[in-house]
Amino acid sequence: MTEPIIRLTNVFKRYDDTEILKGIDIELEQGKFYTLLGPSGCGKTTILRIIAGFTSATSGDVYFDGQRINDLPANQRKVNTVFQDYALFPHMNVHDNVAFGLRLQKKFSKADINQRVHEALTSVRLADYADREISELSGGQQQRVAIARAIVLKPRMLLLDEPLSALDAKLRRDMQYELRDLQQRLGITFLFVTHDQEEALAMSDEIFVMNAGHVLQSGTPVDIYDEPINHFVADFIGESNILTGTMIKDHEVEFVGKRFECADAGMRPNESVEVVLRPEDLDITTPENGKLTVTIESQLFRGDYHEIVAYDSDHNEWLIHSTNPATAGQQVGLTFEPYDIHVMRLHETEADFDARLERYDDEQAEVKRP
Amino acid sequence: MTQRHFTSWTYYVPYGLWVGLFVIAPVGLIIYQSFLDLHHHFTLANYQAYFESGTYLMMTVNSIWWAFLITLFTLLISYPAAYYIHQLKHRQLWLLLTILPTWINLLLKAYAFIGIFSQAGVVNQFLSLFGIGPQQILFTNFSFVFVATYIQIPFMILPIYNALDDLSGSYINASHDLGATNWQTFSKVVWPLTLPGVKAGVQAVFIPSLSLFMLTRLIGGNKVITLGTAIEEHFLTTMNWGMGSTIGVVLIVAMVLIMIITGERRQDRGRVR
């Protein structure tokens, strides 16, 4: 494994009496797209600010390329930031904004600066906008200028603080592709902060899911979506049906009063667990063929699928995503495969979780999703 | 329709009356009187006298020079003060404390300084401790500029403080992020973005400073003669209202010029480049 570009060890942050970060340990490798994902107030932006140098950790260490940088001022760090409000200087035009950092370094000639600014603006497809005032640009264009201003300095790492949150849905989708593409072209590390799980899943090599000052789970988007560590992660990432149940023995779990075959193992017999079933993994069939019988309550047409809400006889709510519409009041059966069931232990740490997954992954590879 | 038109029109009455009675009418009267001689005949002699006599021009230059000095010292003290207050924890309280002296009558403050600066005053008592007093402090140019600056400081701090308050912290972070030192951040980002506040402060200080006359007498001992002093003399002593009005017109023109010079010129930006 290569030396991580950024390493945070046991980082705490307190403001007055509130603890924002409660022991953060993360490592970021060179050239990957990372996302800090969590609800507002979870501390994700604080991590970004600590790496950028706008605020300091109350305790714990920050390493850049193996060097401790806790006391290095922001203007000497080889990271640049794209701010949530873009923070483009309103008294300068687009060219001057992008050239700002280069001019400070005093080692570039005027032609050099113009050349680099032009390259940066070209890479965000704004080459013709150099002479515009910031106030003349749309939100999406300001966003691109902010990115150009950060990448023109050729940082080792780019920090992005919810940069897409102010854009409309269509533009946000386009920018997801562009950011991902830009990251791959530049080959530098991106650390992206967002509360939008769709953005995180679409762009990241690795996601850190955060809540209340802790990193709850880290992993690839697919890992986190398929194997959420706990109730919070399952609920926050995508839509979920979460039910309480009991792990009867390895590969057999009981919930809603029935026993089902499942892929999970490595727990104590009869341990209380939570079970996750993703709405898109549930298939509607006839009541006779279903593993469960539910009554359709309501449905919403979401464009690419129907979101159906149903209740079983124990009044548990079931969320189903189906390409076919259903009829309200109708009784239907629900089927799912053993590997669609994801069992979560209560209060399991990420380390224990990873160790357990590894143990039964090897022996039970054939039960898992093909 | 007519009803609504009528009610919306009535809202302007107090403002219209105020502006008409206390702004337009006096300015009109001053301009009218500036063309009258002592016998109330129309004449251009007042203006001729103003521009031909070295005394009045000297007085004008003097007024501008003293107003410039007062504004400069006020700015030099107020910008760092506003910057510092803005970073304090209980900044609203500290701001209130700096504004507090403006609630006290100017004349009272002037008399207080007479007490402080006089031969037997606190300052001279203090200097005597070191054997370098008593000194003549009152009725000097120094005391005039000192007291005038003291009185003007709150009017400069307030607009600068507001400009700093409007400045988003992310601009400062962005500047540091792009490699700027604290000084570079100040000179390239904070100062240009708070310049409107500075301009507002300069307007609020320079223009009234042009026509200070009470302080010139009470603190400056009439050694500093400004246009304000001249106007007072013409209206109250020589009774030459025409000449007094002429100087008043010159002051009004000077104020308008300063408003134009320090005013926002937005439409110019971006086209020049």
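Start with the span of residues 60-262 of chain B. Its end C-alpha atoms lie 20 Å apart. By content, the span is 78% helix and 0% strand. The label for residues 60-262 of chain B comes from UniProt, where an unreviewed entry gives the feature "domain: ABC transmembrane type-1". Keep in mind that this is a predicted model.

**Stop 1: chain A as a whole**

Now select chain A. Its secondary structure comes to 9 helices and 20 strands. The C-alpha trace of chain A spans about 75 × 45 × 40 Å along its principal axes. Of its 370 residues, 38% count as buried. Take the contacts in chain A between residues at least 6 apart in sequence: 65% of them join residues at least 24 apart.

**Stop 2: an open sheet**

Stay in chain A and find the open sheet of 4 strands. Their order is 2-1-4-5, and the pairing is antiparallel. Which strands are at the edges? They are strand 2 (18-28) and strand 5 (67-68) of chain A, and each pairs on one side only. Strands of a sheet pair through backbone hydrogen bonds, either parallel or antiparallel.

Next, select strand 4 (residues 59-64) of chain A. It runs antiparallel to strand 5 of chain A, and 2 bridges join the two. Pick out A:Phe64: it stands opposite A:Gln67 in strand 5 of chain A.

**Stop 3: a buried strand**

Select strand 3 (residues 33-37) of chain A. Is it buried or exposed? 5 of the 5 residues are buried, so strand 3 of chain A is largely enclosed by the rest of the structure. Show the side chains. A:Phe33, A:Thr35 and A:Leu37 point one way from the strand. A:Tyr34 and A:Leu36 point the other way.

Strand 8 (residues 189-194) of chain A pairs with it in the parallel sense over 5 bridges. Strand 9 (residues 206-211) of chain A also pairs with strand 3 of chain A in the parallel sense, over 4 bridges. Centre the view on A:Leu36. In strand 8 of chain A, A:Val193 stands opposite A:Leu36. In strand 9 of chain A, its bridge partner is A:Phe208.

**Stop 4: where the chains meet**

Show chains A and B together. How many residues of chain A are in contact with chain B? There are 19, and they touch 17 residues of chain B. On the chain A side, strand 6 (79-82) and helix 2 (94-105) each supply at least two residues. The largest share, 4 residues, comes from helix 2 of chain A. By class, the side of chain A that touches chain B has 9 nonpolar, 7 polar and 3 charged residues.

**Stop 5: two positive phi angles**

Most residues other than glycine have a negative phi. Select A:Lys154, which has a positive phi of about 50 degrees although it is not a glycine. It is in the loop between helix 4 (139-151) and strand 7 (157-161) of chain A. A:Lys154 counts as exposed because it has 12 C-beta neighbours inside 10 Å, and the cut-off for exposed is 12 or fewer.

Finish in chain B with B:Met239. Its phi is near 60 degrees, a positive value in a residue other than glycine. Look for B:Met239 in the loop between helix 12 (227-236) and helix 13 (241-262) of chain B. With 12 C-beta neighbours inside 10 Å, B:Met239 counts as exposed.

Conventions: Residues numbered from 1 in each chain as written. Chains lettered and ligands numbered in written order. Predicted model: local features only at pLDDT ≥ 70, side-chain atom pairs only at ≥ 80, totals over all residues. Pairing = 2+ DSSP bridges. UniProt positions renumbered as here; feature names shortened; annotations may be inferred. Contact = placed C-beta atoms within 7 Å. Nonpolar A, V, L, I, M, F, W, Y, C, P; charged D, E, K, R; others polar. Buried ≥ 20, exposed ≤ 12 C-beta atoms within 10 Å, placed from the backbone.
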